[in-house]
Amino acid sequence: MKYKDLFIDFDDTLYDTHGNAVIALRETFEAFDLRRFFPDPQVFYDAYWMANIDLWTQYSKGEITRDYLIVERFRRPLSTGKGIDVKEALCLEMSDRFLDYCSTKPGVVAGAHELMDYLRQQGYRMHMCSNGFHEVQYKKLAACGLKDYFDTIILSENAGFNKPSPLYFDYAFRQSGANRETTLMIGDNLQTDILGALNSGIDAMLFNRWEVDVDEVPQSPTFVVSSLQEIMQIL
């Protein structure tokens, strides 16, 4: 067995972050009675996802702070409503409520528990590698029942650097005690997970959940799978 340690992304690789967030966002919309300002809820939802993707991309590059992301991802979509007074306090209140809703959702990507059972039976050491916020990630781990599979939980807030920074991966190796030559990174994000790992001298498996064109990147993933079940055929 070539690999001994697996660095595994959590959000949208194992935990269905997007699917759970769609539900939580709808709950947040209703809780704040935003229909007063958005006759069509989809206007708010579309603006939120556009802002969220942009802000998380900037955050992963270290271009913005966590505090800025938390406020801005609600300030932008709220600003598209009519007659709403968008203040920081409202954005923070909505963010807290949204994260509370998100972190209690148990939904995982199809095959997540089966995969983790299999990998544990095969004897791999598994380390969760995530850019997610500390308190939220632990709540989500508890909600979905995946926490006990991991030997180490490595969060960017503790590292002081986000994936794809090589400094994040240096920290991950110090925390896990793994060796680069026998470690494989598994994740759904081509930039933060895959290129981050490859640029740090680690083999990387892309879970191509979003059907991205891998031919457009400067380095090819070591493996590409379209489902979690396929991973069991390789490892």
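## A first look

Is Glu 211 buried or exposed? Glu 211 counts as exposed, with 71% relative accessibility. Here buried means under 20% relative accessible area and exposed means over 50%, with partly exposed in between; the probe is 1.4 Å and protein chains only are counted. Glu 211 sits in the loop between β5 (203-207) and β6. Its phi is near 55 degrees, a positive value in a residue other than glycine.

This is a predicted model, in which local features need pLDDT of at least 70 and side-chain atom pairs count only at pLDDT 80 or more, while totals for chains, interfaces and linings use all residues. Residues are numbered from 1 along each chain as its sequence is written, and side-chain values use heavy atoms, leaving out hydrogens and water.

## The sheet

Six strands make an open sheet, and the pairing is parallel. Their order is β3-β2-β1-β4-β5-β6. Strands (E, at least two residues) and helices (H or I, at least four residues) are DSSP runs, numbered from the N terminus. Two strands pair if DSSP finds at least two bridges between them. At the edges are β3 (152-155) and β6 (223-225), each of which pairs on one side only. On average, neighbouring strands of this sheet are turned by 20 degrees against each other, direction ignored.

Helix α8 (residues 166-176) packs on the sheet. It touches β1, β2, β3 and β4. Contact means heavy atoms within 4.5 Å. The direction of α8 makes about 155 degrees with that of β3. Such angles run from 0 to 180 degrees between N-to-C directions; axes are lines fitted to C-alpha atoms, for helices over the stretch in contact.

Strand β1 covers residues 5-8.

β1 pairs with strand β2 (residues 125-130) in the parallel sense, over four bridges. Phe 7 stands opposite His 127 in β2. The bridge partner of Ile 8 is Met 128, also in β2. Four bridges also join β1 to strand β4 (residues 183-187), and these two run parallel. There, Leu 6 faces Leu 184.

## Strand β2

β2 is largely enclosed by the rest of the structure, because five of its six residues are buried. Four bridges link β2 to β3, again running parallel. His 127 stands opposite Thr 152 in β3.

## Two helices that cross

Two packed helices are described by the angle between their axes and the distance between the axes. For α1 (residues 17-31) and helix α4 (residues 88-103), the axes come within 9 Å and cross at roughly 135 degrees. The two helices are therefore oblique to each other. Angles under 35 degrees count as roughly parallel, over 145 as roughly antiparallel, 65 to 115 as roughly perpendicular, and the rest as oblique. The crossing of α1 and α4 is right-handed.

From α1, Ala 21, Ala 24, Leu 25, Glu 27, Thr 28 and Ala 31 make the contact. From α4 come Met 94, Arg 97, Phe 98, Tyr 101 and Cys 102. Take Thr 28 of α1. Thr 28 counts as buried, at 0% relative accessibility. Leaving aside residues up to four places away in sequence, it touches Met 94, Arg 97, Phe 98 and Tyr 101.

## Cysteines without a bond

A disulfide is a covalent bond between the sulfur atoms of two cysteines. How many disulfides are there? The count is zero. The rule asks for a pair of cysteine sulfur atoms within 2.5 Å. For Cys 102, the closest cysteine sulfur is in Cys 144, 13 Å away, which is too far for a bond. Cys 129 is in no disulfide either: its nearest cysteine sulfur, that of Cys 144, is 16 Å away.

Lys 163 and Pro 164 are joined by a cis peptide bond, with omega about 15 degrees. Pro 164 lies in the loop between α7 (156-159) and α8.

Asp 12 is not a glycine, yet it has a positive phi of about 70 degrees. It is found in the loop between β1 and α1. Asp 12 counts as buried, at 13% relative accessibility.

Notes
A crossing is left-handed if the near helix is turned anticlockwise from the far one by less than a right angle, and right-handed if clockwise.
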